[in-house]
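Biologist: Hello! Could you show me how to read the pockets of a protein model?

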Amino acid sequence: MAEDAADPRSGGATGDAIETGVRSDGDGDGPDADEDANDAYDGLFGAFPYAFRSSDSVLFRTYVVVGGLAALATGLLFTLALVVLIGETIGGGGGQFSFVRAFFVFVGMLVVAPLIAPVLFVARRIRRGHADRRFAAVLAGLGYGFLGSLYLGALISAPATQQTLPSNPLLSTVVAGLYALPRLAGLAPPLVVAGAMALVARRW
């Protein structure tokens with residue numbers, strides 16, 4: 001009997017220990033799988049309510065609302081502008097006009113993507129079980145910074161006919177200095193903030 005208890009092939013104590021001591025993780029059953037299913041979100045639009053209710057950062061929650069509305073408004077503006085552009089160039093064939101339309105869509109994506117990126121990064125991190133309040137707050141701050149960089153870039157790249165100086169002397173000096181920069185320099189602030197956003201999400 002002692003030999004039977006020590007032999008795993010006999011179904012004794014050691015065999016039971018081997019059988020009950022190893023659990024299979026590949027079947028997807030159990031409370032962890034149910035919790036993952038409940039915490040999952042469906043697509044881009046589902047990430048916003050999921051991130052809002054799952055994050056502990058108040059700053060990030062405010063950005064979910066503000067950034068979502070800003071992305072929606074920006075997307076609508078670019079869509080309407082694209083419709084107008086297509087209407088104005090519909091008489092001219094392909095070639096240059098097709099390139100202009102494609103470039104316009106590309107620019108729109110470059111503007112909208114960094115607006116929604118903080119929400120997507122945080123939602124993915126929470127879903128993977130690595131919720132971090134500081135991470136969410138930093139990305140929210142960068143999201144607000146990107147909104148500010150868009151305004152700054154618009155000032156730098158404003159045409160001369162649309163340049164106006166504020167009445168405050170200090171602000172007037174700053175704005176005049178921004179107007180004096182090359183118009184292509186208006187791309188720098190959004191690109192810098194977007195790059196910082198990607199770096200934080202990758203290296204955190």
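Biologist: Which helix gives the largest share of the lining of the second largest pocket?

Modeller: Helix 5 does, with five residues. Before we go on, this is a predicted model, where local features need pLDDT of at least 70 and side-chain atom pairs count only at pLDDT 80 or more, while totals for chains, interfaces and linings use all residues. Residues are numbered from 1 along each chain as its sequence is written, and side-chain values use heavy atoms, leaving out hydrogens and water.

Biologist: What counts as a pocket?

Modeller: Rolling a probe the size of a water molecule over the atoms shows where empty space is left. On a 1 Å grid over the protein atoms alone, a pocket is an open set of points where a 1.4 Å probe fits, with protein on both sides within 12 Å along at least five of seven lines; lining residues have an atom within 4 Å of a point. Here, the second largest pocket holds about 250 Å³ of space, a volume being the space filled by probe spheres set on the points, which are joined across faces, edges and corners. Its lining includes Leu 44, Phe 45, Gly 68 and Ile 116. Helix 4 (43–54), helix 5 (58–89) and helix 6 each give two or more residues to that lining.

Biologist: How many helices and strands are there in the protein?

Modeller: There are nine helices and zero strands. Both are DSSP runs numbered from the N terminus: helices are H or I with at least four residues, strands E with at least two.

Biologist: Which residues lie nearest the centre of the largest pocket?

Modeller: They are Val 107, Val 111, Gly 186, Leu 187 and Pro 190, from a lining of 18 residues. The volume of this largest pocket is about 490 Å³. Helix 6 (96–127), helix 7 (133–156) and helix 9 (188–203) each supply at least two lining residues. By class, the lining has 13 nonpolar, four polar and one charged residues. Nonpolar means Ala, Val, Leu, Ile, Met, Phe, Trp, Tyr, Cys or Pro, charged means Asp, Glu, Lys or Arg, and the others, Gly among them, are polar.

Biologist: Is Ser 149 buried or exposed?

Modeller: Buried means under 20% relative accessible area, exposed over 50%, and partly exposed in between (1.4 Å probe, protein chains only). Ser 149, found in helix 7, counts as buried because its relative accessibility is 4%. Beyond its neighbours within four places in sequence, Ser 149 is in contact (heavy atoms within 4.5 Å) with Pro 189, Pro 190 and Val 193.
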